[in-house]
Amino acid sequence: MPDRAISYEELTPGYKFPSTTFELSASFVSKYLKAVDSESDGFVPPLAITACAIAATTKSVPLPRDTTAIHASQELEFFKMVPIGTTIECRIGVLQKISRGKMSMLILELEVFDKDKEKVQSGKATIALPT
Amino acid sequence: MLTEIQEGKALNPVVKHITQEKINVYAEASGDFNPIHIDESFAARTPLGGTIAHGMLSLAYVSEMMASAFGRNWLSEGKLRAKFKEPARPGDTLTVDGRVDCIEKKDDVSYANCVFECRNQKGEMIVTGEAIVKLSSDKK
């Protein structure tokens, strides 16, 4: 479950959000492929997995009021192909929190594991928060 | 297919048209319902002036280009670093271009280092970055 108790001000580097799980079902993959206007080769597109992790991030991270989060940059590394139907676990942590004038930046670390606890992908997302 | 990969080789471009409908479907699929993507009246009141596509939607087109060029090597051992420079908006046509910048060998393993960019129909840079794919291993 997303941690709603912590506020943006309380987030510090090293903080780990509670992990979230997703089932990469055939209907999810089908909807994702329709959205990105692409076709499947029997495996879950790696960016579909990242999309779940990013969505988990946006649900978990408490943003300052009246702020629109902008995805500024993304790093990703894929470790294995993931069959449709796999359940994944997303772990998100705060790497850095930067404030520059009217702009705040949150750098988050993402890790995704399959049911065997094998790492599927990892990455780093930079979220800009103009206030 | 991977034997044709050489330094300087251009990757087959990917061209996609962005619509609000695709953005809405992406929001449903991913669960990312940030109103800047789907709420036109909310987005109109922000400095962005209207809805924008999820950055990960544009990045999906980059991944499609890489998967088309490198197949399962990309899906199982790809790496990328991307910067979102400008937002993609409904009505935009995005073109993703890329090329093999260099091929490097580390510990008997070959890697293709690629560069990519995604521009809209006005030539504005939407996403830029680098991607690395493992090509082969000489290890026995």
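Is A:Asp37 buried, exposed or partly exposed? A:Asp37 comes out as partly exposed, because 17 other C-beta atoms lie within 10 Å. For that call, a residue is buried if 20 or more other C-beta atoms lie within 10 Å of its own, exposed if 12 or fewer, and partly exposed in between, with C-beta atoms placed from the backbone. You'll find A:Asp37 in the loop between helix H1 (26-36) and H2 of chain A. Its phi is near 60°, a positive value in a residue other than glycine.

Before going on, some housekeeping. This is a predicted model, in which local features need pLDDT of at least 70 and side-chain atom pairs count only at pLDDT 80 or more, while totals for chains, interfaces and linings use all residues. Residues are numbered from 1 along each chain as its sequence is written, and chains are lettered from A and ligands numbered from 1 in the order in which they are written. The predictor gives the complex an ipTM of 0.89 and a pTM of 0.91. Chain B has a mean pLDDT of 93, with 95% of its residues at 70 or more; pLDDT is the predictor's confidence in each residue, from 0 to 100.

Let's start with chain A. It has two helices and five strands, in the order β-α-α-β-β-β-β along the sequence. Here helices (H or I, at least four residues) and strands (E, at least two) are DSSP runs, numbered from the N terminus. The C-alpha trace of chain A spans about 45 × 30 × 25 Å along its principal axes. Buried residues make up 33% of the 131 residues.

A:Phe17 sits in the segment before strand E1 (20-23), and A:Phe17 is buried because 21 other C-beta atoms lie within 10 Å. Its C-alpha atom is separated by 32 Å from that of A:Ser38, 21 residues apart along the chain. Next comes E1(A), with A:Thr20 and A:Phe22 on a covered face and A:Thr21 and A:Glu23 on an uncovered one. E1(A) pairs with strand E3 (residues 87-100) of chain A in the antiparallel sense, over four bridges; strands pair if DSSP finds at least two bridges between them. One of the partners to look for is A:Glu89 in E3(A), bridged to A:Thr21.

H2(A) has 15 residues and reaches 21 Å from its first C-alpha to its last, close to the 21 Å expected at 1.5 Å a residue; the expected span is 1.5 Å times one less than the number of residues. The helix is mostly covered, with 12 of its 15 residues buried, among them A:Leu47, A:Ile49, A:Cys52 and A:Ile54.

Further along, A:Lys117 lies in the loop between strand E4 (103-113) and strand E5 (119-130). A:Lys117 also has a positive phi, about 65°, although it is not a glycine. A:Lys117 counts as exposed because it has 7 C-beta neighbours inside 10 Å.

Over to chain B, which has five helices and five strands that run β-α-α-α-α-α-β-β-β-β from the N terminus on. Its C-alpha atoms fill a box of roughly 60 × 30 × 20 Å along the principal axes, and 40% of its 140 residues are buried. B:Thr51 counts as buried because it has 23 C-beta neighbours inside 10 Å. Leaving aside neighbours within four places in sequence, its contacts include B:Gln20, B:Ile36, B:His37 and B:Pro90; two residues are in contact if their C-beta atoms, placed from the backbone, lie within 7 Å.

Finally, the interface. Here 30 residues of chain B are in contact with 30 residues of chain A. On the chain B side, helix H1 (20-30), helix H4 (55-70), helix H5 (72-77) and strand E2 (78-84) each give two or more residues. Strand E2 (residues 70-78) of chain A and E2(B) run antiparallel and are joined by five bridges, and B:Lys83 is the bridge partner of A:Ser73.
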